[in-house]
Amino acid sequence: MTRTATRDLDLGGHLVPEGGGVVWSPCLHQHDPGVFSDPDTFAPDGWTAENAAATRGSFLAFGDGRRKCIGEDVAWAELQIILATVLRTWAVLPAHLPGATPPGRGHRQTGPYDHGIPSGAGSAPADGRPESRHDGGRPRHAALTVHRLIPRPTGAAPGPRATFAPLDGLFRRGVAMGADHQIAFFLRESARPEPERRAAALKGLGRIGRGEHAGVLVDAAGDTDPRVRAAAALALGRLGIPEAGEEALPLLMGDADPDVRRRASVAAVRLGLDGPAVTRAFARLLSDPDHHLRINALDGLTALGVPGDVTALAALLGDPDFTVWGRARTLLYTCREDPAVRAELIRTARQGTGGARARALEWLPERCTEQLLDSLLTGLHDPSPAVRIQAARRLFHVEQQQVQDKLAALLRTEEHPEAAAGLLDGVGGRGDDRVTEPAVRWLRDPVAGPSAARALGAVDPGTAAPHLREALTDETLSPRTRAAAAAAVGTAGRWDAVWLLLSLLDDPDDEIRAGVLDGLKTRVENGLRPWERHPVAWALVEHLAADERYTWRTRNALDGLAQALPDVRRLADSAPSGEVRAAALSLLDGDDPDDEHTRHDLRRFLRGLDDPHEAVRYQAVLGLRRRAEATGSLPPDRGKTRDRLTALTEDDSPRLRHAATRLLGVADSGPA
């Protein structure tokens, strides 16, 4: 066994520092001749009451202290049952033969314990003690280390030449008989005066007992000791008799001891109990101070499909533990057609507090906004930032000027970063120029900064451009804010937007590169100026080949940029990365009659069907599908394409199988 020293200590004259390891051998300890006289001798009488006092406290086979084996009591009970079963069925005789060497330490007995001892052999010495042999002066283990187990026939004394049945037969019979012995033992223990013994017995009875023992567990539910009541609840769940559980568990779920309530609620869920008493018991636990019990109550009510106490259930939306409020939200959704649930959610959205009100506002459908309008306007000034955020989120879509004025006024005075971020996104998303001053103020905040940059990108470019340019190049700002500023620069579209973005395309920060790519994508979609097209195309194609992290983001920025197609085709033919080849193929169009390269792109798609990279094969199929949807047929190659596509319908990739099957269907049905 190993232990770690929790402080410096002196152990037998040796200093063990704090954190040092200590290794202790139970085997060596139990063979210490200073504690156990003649430790290698099998001497059962050493454990009788008159002899055990000398070694009391020294038998540590189960360890000691806080980490003592929790199965010690069960082990002793099992030993008694096994020994009683063996002695009832078998005669135990010494296995020592004159002149034979008994097994030594470390010897493994591999055959039957009966060695075919001849008649008259195997008797014990006259003094009744086992003999010890000596080999070269070294003591050997006593002969009784191994015994002969002789079957005891019914009505007959054991014969000296009787043979031993296989061990598995013994265990089968022992298990069959042992269950009854164990139940009898547990029933006796359940009436003991010590509560810990009663509790242990009830737990054991729950595991191996039968229906007729349920009454014992029900009676124990009224025990004065909470440990026994908790064990009774646990055992009722294990026993699996719902009728017994319905009688005792609802009462135990209202017990004064939290452990009893916890065990009882788990047992009720396990047994699948229902009915008014169980529902009321679960409903009471919704308000329990123990969060484990609130979880158990929600699990039980969810299994029953009823809300229980709707007021307490809605209040749990404000629980700080996600495992609680998440379950509460799920149960409310399950019971959403219940008029009482709907009414309580509306009431919570109007008059609730904190997280419960915020989540009720978040959960209710948008059609309830008009009904909640007055309470939403008061919610803009709620002490909880979460309530202010959700109230504002609902009001962003209300077109009344009075409402929009209140939102802009709130943004000017808001001090909480998360609430400010929500307001900046909402008010800025409407292009309201009143967002500019608050956005500049929040630009340096790590939480609200990205929202401030997005808001500036949506207002007048002349006003916001200097602030965005400064944010984009200010390395003291958070990467998320600079990335949002890059995307906003692309949205604003000032004359220098493209050049600012291209200068940061190879930035070492992943988030900033992502923002730059998003900004360039916006510029491509909105239309580049003639002198911007080739520089952007060259830079993005080079980036497509080099930035493996953002292969598809770069591909999206290239979409629609015709000046990039020559280099894109080169990548589709020879890029070493399969993902890059796939992204390049996805940018090609095999059915454009105005493109002289269409015929070559079609060949690229056909070659791609045999590419070892799954993404390339998938994009090749999609390219051929675009052509088939326009022309209504596959390429004219004498059926080879159809054969290859048919083979792809059995590919390991689900999306590739689906795409190939759909392409064949399009080709068979003709042009749309």
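Helix 22 (461–473) and helix 23 (479–492) each supply at least two residues to the lining of the largest cavity. Keep in mind that this is a predicted model. Of the contributors, helix 22 gives the most to that lining, with three residues.

So what sits around this space? The largest cavity is lined by Ala465, Leu468, Arg469, Val489, Ala492, Arg494, Asp496 and Leu500. Sorted by class, that lining has five nonpolar residues, no polar ones and three charged ones. The space inside the largest cavity comes to about 60 Å³, and the count of cavities of 30 Å³ or more is one.

Now for a pair of packed helices. Helix 19 (residues 417–429) packs with helix 21 (residues 449–458) at an angle of about 15°, and their axes are 8 Å apart. Angles under 35 degrees count as roughly parallel, so helix 19 and helix 21 are roughly parallel to each other. Their crossing is left-handed.

Here is who makes the contact, helix by helix:

| Helix | Residues in the contact |
|---|---|
| Helix 19 | Ala421, Leu424, Asp425 and Gly428 |
| Helix 21 | Ser451, Ala452, Arg454, Ala455 and Ala458 |

Which classes turn up in the contact of helix 19 with helix 21? There are five nonpolar, two polar and two charged residues.

Key:
Residues are numbered from 1 along each chain as its sequence is written. This is a predicted model: local features need pLDDT of at least 70, side-chain atom pairs count only at pLDDT 80 or more; totals for chains, interfaces and linings use all residues. Side-chain values use heavy atoms; hydrogens and water are left out. Axes are lines fitted to C-alpha atoms, for helices over the stretch in contact, and angles run from 0 to 180 degrees between N-to-C directions. Helices (H or I, at least four residues) and strands (E, at least two) are DSSP runs, numbered from the N terminus. Angles under 35 degrees count as roughly parallel, over 145 as roughly antiparallel, 65 to 115 as roughly perpendicular and the rest as oblique. A crossing is left-handed if the near helix is turned anticlockwise from the far one by less than a right angle, and right-handed if clockwise. Contact means heavy atoms within 4.5 Å. Ala, Val, Leu, Ile, Met, Phe, Trp, Tyr, Cys and Pro count as nonpolar, Asp, Glu, Lys and Arg as charged, and the others, Gly among them, as polar. On a 1 Å grid over the protein atoms alone, a cavity is a set of points where a 1.4 Å probe fits but cannot get out, and a pocket is an open set with protein on both sides within 12 Å along at least five of seven lines; lining residues have an atom within 4 Å of a point. Grid points are joined across faces, edges and corners, and a volume is the space filled by probe spheres set on the points.
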